[in-house]
Amino acid sequence: MSTDGSPPPEPTSRGSREDSDDEVRRREQEQAAEADRAVHRTTGDEPLVQRLVDALTGPNVLVTVLAFVLALVIGAVLIAVSDSEARGALSYVFARPGDFFGAAWTAISASYGALVKGAVGSTNGITESLLAATPLILTGLAVALPFRAGLFNIGGEGQVIVGGMVAAWAGFAIDGLPLLVHLPLALLLGVVAGGLMGWLPGFLKVRTGAHEVITTIMLNNIAAIGLSYGLTSELFLGPDNINPRGLSVADSATLPRLFGTRLNVGIIIALVVAVGMYYLMERSSRGFEIEAVGLNPHAASSAGMSVARATIATLAGAGALAGLGGAILGLGVASGGITTGFSAGVGFDGITVALLGRARGPGTVAAGLLFGALSIGGRAMQARAGINLDLVGVLSALIILFVAAPALVQALFRLKRHRTVDVPGMSAQGAA
Amino acid sequence: MELELRGITKRFPGVIANDHVDLTVRDGEIHGLLGENGAGKSTLMNILYGLYRADEGEILIDGTPVAFDGPGDAIDAGIGMVHQHFMLVPVFTVAENITLGTEPASAFGQLDRDAANDAVRELSERHGLPVEPDAVVEELPIGLQQRVEILKALYREAKLLILDEPTAVLTPSEADDLFEAMSALRDDGRSLVFISHKLREHQAIADRVSVLRRGKIVGTADPREASEQELADLMVGRPVDLVVDKDPSEPGEVVLEARGLGAHDEDDTPLLRDVDLQVRRGEIVAVAGVEGNGQTALVECITGLRTANEGTVTLLGTDLRERTRVDLLRGGIGHVPEDRNRDGLVGAMSIAENLILAHWDAAPYAERGLLQFATIRRHADEAVEAYDIRTPSSATSAGSLSGGNQQKMVVAREFDKDNDLLVAAQPTRGVDVGSIEYIHGRIVQERDEGTAVLIVSSELDEVLALADRVAVMFHGRLMGPFTMPIDKSAIGQMMAGADPDDILGGGSDDGPSSADPLDPAASAPTETTDEGRA
C-alpha cells in the first residue's frame, strides 16, 4: 500500500507551534502507520503499476503462493508413498536411501510433469483448461460478490443448476430464432432464473432474518432434486425418450466454438463479466456501499446506506452470476442435453475459487483459471502417470486449508507476523 | 504489597511505547496513572500483567524481582487486572464468571453451583460489593459487570489491582460507587493502579498520580496539591486551554423544533415522553443526563434514524418524516454519533473513504456511478490538514488512528459541510485532552458561523463548558432548556430526577415539558439504563 514508507505530510502552516507538539504529531503518525500495516488495504487510487507491485508483494499474495507451494510439497509426499516402486525402496531406505529418493523423485517429477503438461503443455490442454475455468470464474464471483457485503453464498450450485436448466430449456424449446437473438435470450433467461434463486435468500434474510447460509444450502437441494425431477418429465426429455438426458439445444442457441476446439465463447463472456465485476466492486460507488455494509453495517446505515438493499442486491447478483455459469454449461459443453450431473459441482468449487482469490475480482479470475488448469492437468496425470485424479482434490483442499490459516503458513516460513489483536481490551496499535 | 517497576522499556517497530519507566506503587495506596491516549499506559500495564514482555527493565514485588510469562504468573503473584473491555462470558452467571477456571466441583467433575454461589456471596459481602450470584452477566448494567470483574480478581486473591480506564464506560453515579469500592479495597490493605485520562477523577480518588507522556514518566504528584491545570499541562506537554473560550450567543431563527415527541422500543418500554425542544441558529443547546435516559432515542428522532411514535420534528419548518437520512446528512444535518466505532466509521476503510461515507454516490465524489478517487483523495488531504487529523496519509485505515484522531475525522466529515443543524452526541468520549480542546473549539466555531448546535453529553463539565442553554433528560423526559449560567449542583440534582421547579423556582424558558418531570408511573432506572448501550 502506498502509505508505507511515504513520508508524513509536513505540517507547513503550523511552524509556530511548539516542538513537542510536532513530536506528538510525528509519534501519532508513526503509531497509525504501524497499526495500518496490519490492515493493509488498497484503495484503488494509486497508479496501476504501484497497485500491481503492492498486490504482488502484499502479505496476502505471498501467503497464497506459499500455501500453493506447501500443498504441492504435501502432494509430492503422497505421490511418493503411493508409488509402488518408491514404496518398495522405502523398506530399505536406511541401507540405500538413494533408491528411495531416486524412485520418489521419478514418480513426483513424472506426476507433476504430466499435470503441468496436461494443463498448459498443448493447445488442446490450454483450451480445455480455459473451458473448465469458465464456470469456475463465474461461480467464484458469485461467492466473492456477497462476501464483500459480509454474506456467504453457499447456493452457487443450486443457482448453476437452475440457470443451466432454464437456459437449456430455452435452447431447445424455442424455435426459429436467429443465433443473435436466440443465444442471448437463452443466456438471459438462465441469468434471470439464477438471479431469482439468489434473490430469494436475500429477501428471506431481510424480511425474516433467515440466515443466508442455511437457506442457500437448502435451495441447493431443492435445485438438485428439481433437476432430477425435471429429467423425468416430458418438459425436458420430450416424448418417447427414456434416457434421463435433456433434449439437445438448437444450433441457434449453442455457444459458438473457438479455434475449432471445444472451447466456446463462454470464456469471453466470463472474462468480460469479470472486468465488469472489477469495476463494480473496486471502482463504483455501488461497490463502495456494498463494502461499507460488509465491513460495518451500523456505520453504513448511519451514513444513509441501505443494508437491506445491499443484502438483496448482492445475493441476487450472485445468483445471476452463477446462473450465467450454469447457462454457459447448458448451452456449451452440455448442449447435447443436460444430465443430472451437468453442473459437476462447479457451484461448490466456486467457494474454493473465491476464497483463494480473496473475494477480489482479479484474484478470483486467477484462482478460477488455476483450478480449471488443475482439473484438466489432473486428468492427464491420471492417464500418464497413473496418479488418481483425487490427488487434485487433495491439492485444492490443502491450498484452501493453508490459505484459511495464514498464521500457520507464516509460522512455517517464519514470516514476520503482523501483530493482531489477540487479547480484547488491548488496542490494535499495541503501543497505545 | 509494594510494586516497583525499574527502567521498563518496550519498543514496537518504529515506536518506543515505554522508555525507561520507573514507577513505585506503595502498599495500600491508590496510584493514579495519567496520560493521553497513546502515552503508553496500557502497554505498561500489559507488561505488568504478563501480556507483553519488557525489552529492558525489571519488575519487583516487595523487593524481589519477578518475571511473568503470562497473565497466569501475574495472577499467581497477586496481580489482578480489570480491563477496559470486560473479559466476561455474557451468558454465564455472575458466580460462574467469578469462579471460572477454579470452579468448585464434586469428585465426579460436576459443578457445585451452590458452593460457587456461597463463595461469591461471601466475597461480595466481605468487600462491600453487592452482586447477585445467580444473575446472568449480559443482563447486568455495565457498572455491575465491572464489579464482577473486580470480584473475579479478588477471588483470585489479588493484592494489587490494575483498573484500566474503569470510568470510561460508567455513568457518573456508577463511577462514584466504583470510587467508594476502591477506597474500601485500599483501606483493606490492597494497592490499586488507577488508569484514566480524566484529571478530575485522579483528584477525587488517587493518593499519588504519575503522569506518563510519550512513554516516559514525566512526574509524580499528590493530586490534591497539584492543580488541574498543572496536571493537564504536564500530561500534554504544553499549556492546555481547559476553559472553552466563547462569546455570548446570538440566537437567530428556530432551526430544529420538536413537539410532543414520544417514542418507545419494541417492548413498548417508553424511551421518550412528550419532549419539546427548540434549537436556534447561533446557539448551543446541551442536553445533560445520565446515559440511558432517552438521549439516544432523542438524537435518533432528530437525525432521521428513528421515526417518533408521537409528536413531530421539523427542520426549518419541514417535517422530518418527509426526508430520508441520506437527504438529511447531505443537506442540513451534521451528526456525530455517540458510539463512533459502531456508527461513526468503518475501521477497515481508509480515512479518505470514511470522509465520504455519507456522500458515497454523490458528486463530486462519484460521477456516473464511478468513484472519483482523485477528488476523494484531495478532499481527504484537505480535511486531514484542516482538522489536524494526525495520520501518515489519508489512505491510512481509520481503525489505525487513536480515539482522538478518529473523532476528529468524524467531526471533519460532519462539520465540513453546509449544516443548518449540528447534533453531536458524546463528542469527546474517549478522546485525549488535546483533542477535546480542539473539538470544543470547532463546535463553538460552528455556532458562531450560524449553525444550530445540539450537544448530548453525560459529562457535566462538557455541558457546562459548551452550553448556551442546558436541558436535562431523566426517564425520557426533557427538563428545560434553561438559559446559562445555571448552578452545576442544580443540574446534578435534575440528572438524579429532582423537580426543576423546586430547585430553580420555575426558571425554565421552554415551560411545558418541565411541568411534570417525575411521572409516578415512570419506569425504574434499570428499565431504560441499557438502552443507550444497546
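Me: Why is Ile290(A) called buried?

Reply: In this predicted model, Ile290(A) has 28 other C-beta atoms within 10 Å, and a residue counts as buried if 20 or more other C-beta atoms lie within 10 Å of its own, as exposed if 12 or fewer do, and as partly exposed in between, with C-beta atoms placed from the backbone; Ile290(A) is therefore buried. Residues are numbered from 1 along each chain as its sequence is written, while chains are lettered from A and ligands numbered from 1 in the order in which they are written. Because the model is predicted, local features need pLDDT of at least 70 and side-chain atom pairs count only at pLDDT 80 or more, whereas totals for chains, interfaces and linings use all residues.

Me: Where is Ile290(A) found, and with which residues is it in contact once its neighbours within four places in sequence are left aside?

Reply: Ile290(A) belongs to helix α12 (residues 285-295) of chain A, where a helix is a DSSP run of H or I of at least four residues, a strand is a run of E of at least two, and both are numbered from the N terminus. Its contacts, meaning residues whose C-beta atoms, placed from the backbone, lie within 7 Å, are Arg148(A), Ala149(A), Ala310(A) and Thr314(A). Pro146(A), which is 144 residues away along the chain, has its C-alpha atom 8.4 Å from that of Ile290(A).

Me: How do you know that the end-to-end distance of helix α6 (residues 123-148) of chain A agrees with its length?

Reply: The expected span of a helix is 1.5 Å times one less than its number of residues, so the 26 residues of α6(A) should span 38 Å, and with its end C-alpha atoms 36 Å apart the two values agree. After α6(A) comes Gly150(A), with a positive phi near 80°.

Me: What makes α6(A) largely enclosed by the rest of the structure?

Reply: Of its 26 residues, 22 are buried, so the rest of the structure largely encloses α6(A). For chain A as a whole, 49% of the 432 residues count as buried, and the chain has 18 helices and 0 strands.

Me: How do you know that the buried residues of α4(B) line one face of the helix?

Reply: Ala116(B), Asn117(B), Val120(B) and Ser124(B) are the residues concerned. Seen down the axis of α4(B), the buried residues fall within an arc of 95°, so they line one face; the arc is that of the directions from the helix axis to the C-beta atoms. On the other side of α4(B), Asp114(B), Glu122(B), Glu125(B) and Arg126(B) are exposed, whereas the buried residues pack against α3 (94-99) and α5 (142-155) of chain B.

Me: What makes β12 and β15 of chain B edge strands?

Reply: The order in this open sheet of 4 strands is β12-β11-β14-β15 (chain B), with antiparallel pairing. Because β12 (270-280) and β15 (318-319) each have a single partner strand, one side of each is left without a neighbour in the sheet. Two strands pair if DSSP finds at least two bridges between them, and strand β14 (residues 310-315) of chain B is joined to β15(B) by 2 bridges, with Leu315(B) and Thr318(B) as bridge partners.

Me: How many bridges join β9(B) to strand β10 (residues 216-221) of chain B?

Reply: There are 5 bridges between these antiparallel strands, with Thr220(B) the partner of Ser210(B). β9(B) and β10(B) form a hairpin with 2 residues between them, and Arg214(B) in the turn has a positive phi of about 50°. Strand β3 (residues 30-34) of chain B runs parallel to strand β9 (residues 208-213) of chain B, to which 4 bridges join it.

Definitions and conventions:
Contact = placed C-beta atoms within 7 Å.
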